[in-house]
Amino acid sequence: MKIIKLLLFNLLFVSSFLSCGNKTKENTSKNENSAENQTQPNIVFILSDDQSWTDYSFMDDENIETPRIDQFVEESLTFTRGYVPTPLCSPSLASIITGLYPKDHGILGNDKVYDRGNIRGKERAEAYKPVISAFEKQTTLPDMLKEKGYLSFQTGKWWHGNHKIGGFDYGMTHGDPTRGGRHGDYGLEIGRQGLDTINSYVDLALKEKKPFFLWYAPFLPHRPHNPPQRLFEKYQKKTDSEHLAKYWAMCEWFDETCGQLFDLIEDKGLTENTLFVYVCDNGWAQDPTKSGYLKHSKRAPYDMGIRTPIMYKWAGKIKPNMDTKTITSSIDMVPTVLDVLGIEKPENLPGVSVLDEKALNERKGIFGEVYAHDFDTIENSMFYNMAIFPPYKIIVPDPVRKAKEKIQLFNIDEDPFEKNNLAESHPEIVKDLQGKIAAFRAE
């Protein structure tokens, strides 16, 4: 079956290449002799999937080993206090590719709810089509890069239909619900089954003499937690929990694939002219008693659901530094790339370039949103609003769907694991942050 799937994918790739032939030739004739296009940096987004901000050896985890990411951190501008706006993969990925908060790009959850109730399988994917059609109207980073002559490649996790909906020129995800397309289909093989497709994509960009944008979002360490036996056995020696051992092994497996990607780029002589950006789509705290996650992580408004290290590496151009204080967000990734390339940032983007120290320091806070997994409208799907204005973070439950819950306020500088609710003792701070959330919602 794997051989058949691989043949089918190769046929799809060739077909896609041929169908884009005229467009490619036009772009080549227009850009191939441009020194600007040949010297612009390639851009690689690396996205882990369902991993806590604590689960790296460079973050002092006592069990998980991530040597290649640790090395990457040493060569990067690293923000250990990074965030994604929401703790669920589909809306989080949509924010990364657009630079918008979920309320603005419209992808609130993983699936759409209709009056007939929750639906499953192919029907559920079909019901999501109107959402995808609306998302297609958003301007994505690959769309913005076209003016600079970039080729864009999608691999790995991609919820939003065919890769072309995201503005990618080529990609692994077909997004056809009748063939199992929902959140990545063939794309989910990247990393777990090697990087051959990425190698082919990079060779294509070299042949076309164009800079490229690569989306590497492997289904790692996401379930199924089925790591290589050698890694599973390694971590079994560290815990009595089979589930923890498997999850820890998955984190190192992801780290190994990152190393393979770095080596691939290096072997082609492209490292010096490539901007690498790392982020995780949402958090995860492994339940030691079963294969699932603990309720304060994925899909939750706490930092175990939305906090992530974010790293930027461009050899010789971005000075490596470990920033443990500055708050940043995945909504800053698109503005940072645009800043590097000298592209004017669209007015609707709320993020800032992390290379613009003045703008980064002037921004006092960021926001977060949590909606239902199976979502309807914003009003009918809202669970929580968050505002992070250091040292404080507020979590405001929706008065209808979370009516039994209280507002929570944490000093995340002193209490990073959010154990001590300060809301009752700091009503003035609660009022101020609620006002900031109201202004954010009104934008």
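User: Let's start with a helix pair. Which residues in H11 meet which residues in H12?

Analyst: Happy to begin there, with the reminder that this is a predicted model. From H11, the residues are Arg230, Leu231, Phe232, Lys234, Tyr235 and Gln236. Facing them in H12 are Glu242, Ala245, Lys246, Trp248, Ala249, Glu252, Trp253 and Glu256. By class, this contact of H11 with H12 has seven nonpolar, one polar and six charged residues.

User: How are the axes of H11 and H12 placed, and at what angle do they cross?

Analyst: The general idea is that two packed helices are described by the angle between their axes and the distance between the axes. Here, the axes of H11 and H12 come within 8 Å, and the crossing angle is roughly 130°. The two helices are therefore oblique to each other. As for handedness, H11 and H12 cross in a right-handed sense.

User: What angle and what axis distance describe the packing of H10 and H12?

Analyst: Helix H10 spans residues 196-208 and helix H12 spans residues 242-267; they pack at about 25°, and their axes are 11 Å apart. Angles under 35 degrees count as roughly parallel, so H10 is roughly parallel to H12. The crossing of H10 past H12 is right-handed. Ile198, Asn199 and Val202 of H10 make the contact with Leu261, Leu264 and Ile265 of H12. Sorted by class, the contact between H10 and H12 has five nonpolar residues, one polar residue and no charged residues.

User: How do the axes of helix H4 and H12 cross?

Analyst: Helix H4 covers residues 67-74; its axis and that of H12 come within 7 Å and cross at roughly 55°. That makes H4 oblique to H12. On the H4 side, the contact is made by Pro67, Arg68, Ile69 and Phe72. On the H12 side, Phe254, Asp255, Cys258, Gly259, Phe262 and Asp263 take part. The classes for H4 with H12 are six nonpolar, one polar and three charged residues.

User: Now the strands. What is the order of the four strands in the open sheet?

Analyst: As background, strands of a sheet pair through backbone hydrogen bonds, either parallel or antiparallel. In this open sheet the order is E11-E13-E14-E15, and the pairing is antiparallel. Strand E11 (366-371) and strand E15 (408-411) are the edge strands, each pairing on one side only. From one strand to the next, the twist averages 15°. Inside the sheet, strand E13 (residues 382-389) and strand E14 (residues 392-397) run antiparallel and are joined by six bridges. To find your place on screen, look for Ala387, which stands opposite Ile394 in E14.

User: What about the backbone: which peptide bond at Pro221 is cis?

Analyst: The bond from Leu220 to Pro221 is cis, with omega near 0°. Pro221 sits in the loop between strand E6 (212-217) and helix H11 (229-236). A cis peptide bond also joins Arg223 and Pro224, with omega about 10°. Pro224 is likewise placed in the loop between E6 and H11. Another backbone feature is Asp60, a residue other than glycine with a positive phi, near 70°. Asp60 lies in the loop between strand E1 (42-48) and H4.

User: Over which residues is the pLDDT below 50?

Analyst: The general rule is that where pLDDT is low, the predicted coordinates should not be read in detail. The chain averages a pLDDT of 91, and 89% of the residues score at least 70. Over residues 1-37, however, the pLDDT is below 50. Beyond near neighbours in sequence, that stretch has 40 contacts in the model.

Definitions and conventions
Residues numbered from 1 in each chain as written. Predicted model: local features only at pLDDT ≥ 70, side-chain atom pairs only at ≥ 80, totals over all residues. Heavy atoms only, no water. Axes fitted to C-alpha atoms, helices over the stretch in contact; angles between N-to-C directions. Parallel < 35°, antiparallel > 145°, perpendicular 65-115°, else oblique. Left-handed = near helix turned anticlockwise from the far one by under 90°. Contact = heavy atoms within 4.5 Å. Nonpolar A, V, L, I, M, F, W, Y, C, P; charged D, E, K, R; others polar. Pairing = 2+ DSSP bridges. pLDDT = per-residue confidence, 0-100.
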